[in-house]
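Subject: Structure handover

Hello,

Please find the structure below. My notes on what was found in it follow.

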Amino acid sequence: MSLISERSQKIVKVMRATALIASFVLPTQSAQAAGKSAAESLLTGAGARPAALAGAYTAIANDPFAMVYNPAGMARMSRPEMAFMHSQWIENIQEQFVAMGLPVNGVVMGLNFYRMDMGRIQGRDSTGKATQEFTAGDMSMGLAMSGKINSRLMMGVKASYMSQQIAQYKASTYFGDLGMLYSLSNGLVLGAAAQNLGPGLKFIEEESPLPKTYAFGASYLLGGFRLAADYKMRPLDKSNDLVFGMEIFPFVGAGGSRPLVARFGHSGLVTGGAEAIEGFGTGFGLALGDLGVDYAFKPFGVLGSAHRISFNMKF
């Protein structure tokens with residue numbers, strides 16, 4: 001087998017792995033479509049709260065994790081805030097994410113760093129025979145800015161750099177995100193975001209485009225419940241996904257605080273059988289003063305399950 005073919009085998013194996021873990025926050029049908037575009041790690045999102053809501057976060061985003069889903073959401077921040085996340089996937093794949101948002105002169109500036117480590121992967125040749133092991137991973141960092149245009153409208157933008165390494169081979173690119181939020185007087189919030197806008201990643205002789213995504217969302221807060229829905233279009237992967245999320249607040253504290261929340265999310269396009277289980281996400285959150293702790297759980301059927309935990313700290 002030629003050297004080019006061996007390299008291609010490595011790339012295909014890693015892309016399949018990233019497509020699999022992307023389903024943590026994507027509906028099953030979308031995960032099956034993944035692979036037509038590159039850098040599927042851009043679709044895994046960040047934060048336990050969005051994951052528990054199945055990714056229905058476009059209109060809810062209000063913290064440093066907004067940089068991943070809708071940068072306009074950072075404009076809701078009135079104080080400096082840091083966010084951390086750790087994800088433990090199947091096959092010992094891990095993710096780390098850290099971000100900070102800082103209000104400055106009427107706008108909110110944000111910075112984030114992301115790392116996915118796929119550990120050691122057993123190489124295979126075209127006949128399926130084991131070859132040497134290799135490592136793989138993704139890294140990205142971004143700079144965002146958002147602000148309020150008026151009392152109802154918020155806008156945001158983010159510029160990012162990412163690199164992907166498979167064994168000794170590397171590829172990198174730049175991309176951007178745009179977002180907006182519009183608040184209505186009756187508790188309804190509308191959101192829209194364009195994500196992963198930029199040139200693709202090129203490994204060896206082959207270049208693959210980024211998974212461009214156009215998301216439209218709505219959220220509605222009523223008493224002890226918040227409902228959210230997102231419609232996400234990925235034209236390169238020919239995927240149109242409808243996802244739903246719900247937050248339940250058992251009690252509301254002084255000043256409108258909500259110290260405990262239960263979360264559920266599901267793909268509106270996944271119905272019946274094992275796929276119904278794989279399209280489901282759940283989790284909870286605790287607010288302890290200026291510290292927030294969130295957890296999300298995602299079943300993968302016979303493959304096991306995945307866990308995500310994140311922290312938010314306001315200063």
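The largest cavity has a volume of about 310 Å³. A cavity here is a set of points on a 1 Å grid over the protein atoms alone where a 1.4 Å probe fits but cannot get out; a volume is the space filled by probe spheres set on the points, which are joined across faces, edges and corners.

This is a predicted model, in which local features need pLDDT of at least 70 and side-chain atom pairs count only at pLDDT 80 or more, while totals for chains, interfaces and linings use all residues. Residues are numbered from 1 along each chain as its sequence is written, and side-chain values use heavy atoms, with hydrogens and water left out.

Two cavities of 30 Å³ or more were counted. Lining the largest cavity are 24 residues, with Leu42, Leu43, Thr44, Gly45 and Val68 nearest its centre; a lining residue has an atom within 4 Å of a point.

The largest pocket holds about 1,100 Å³ of space. A pocket is an open set with protein on both sides within 12 Å along at least five of seven lines. Its lining has 44 residues, and Arg49, Asn62, Asp63, Arg226 and Lys314 lie nearest the centre. Strand β15 supplies the largest share of that lining, four residues (helices, H or I, of at least four residues and strands, E, of at least two are DSSP runs numbered from the N terminus).

The largest nonpolar core has 42 residues, and Met74 and Phe97 have the most contacts inside it. Such a core is a set of buried Ala, Val, Leu, Ile, Met, Phe, Trp, Tyr and Cys residues joined through side-chain atoms within 4.5 Å; buried means under 20% relative accessible area, exposed over 50% and partly exposed in between, with a 1.4 Å probe and protein chains only. Strand β3 gives the most to this core, five residues. A second, separate core of six residues includes Ala72, Met154, Leu181 and Val189.

There are four aromatic pairs (rings of Phe, Tyr and Trp, the last by its six-membered ring, with centres within 6.5 Å; planes under 30 degrees apart are stacked, over 60 edge-to-face and the rest tilted). Phenylalanine 284 and tyrosine 295 have ring centres 5.7 Å apart and planes at 40°, so this pair is tilted. Phenylalanine 284 lies in strand β14 (residues 280–288) and tyrosine 295 in strand β15 (residues 291–299), eleven residues apart. Phenylalanine 284 is partly exposed at 40% relative accessibility, and tyrosine 295 is partly exposed at 26%.

Regards
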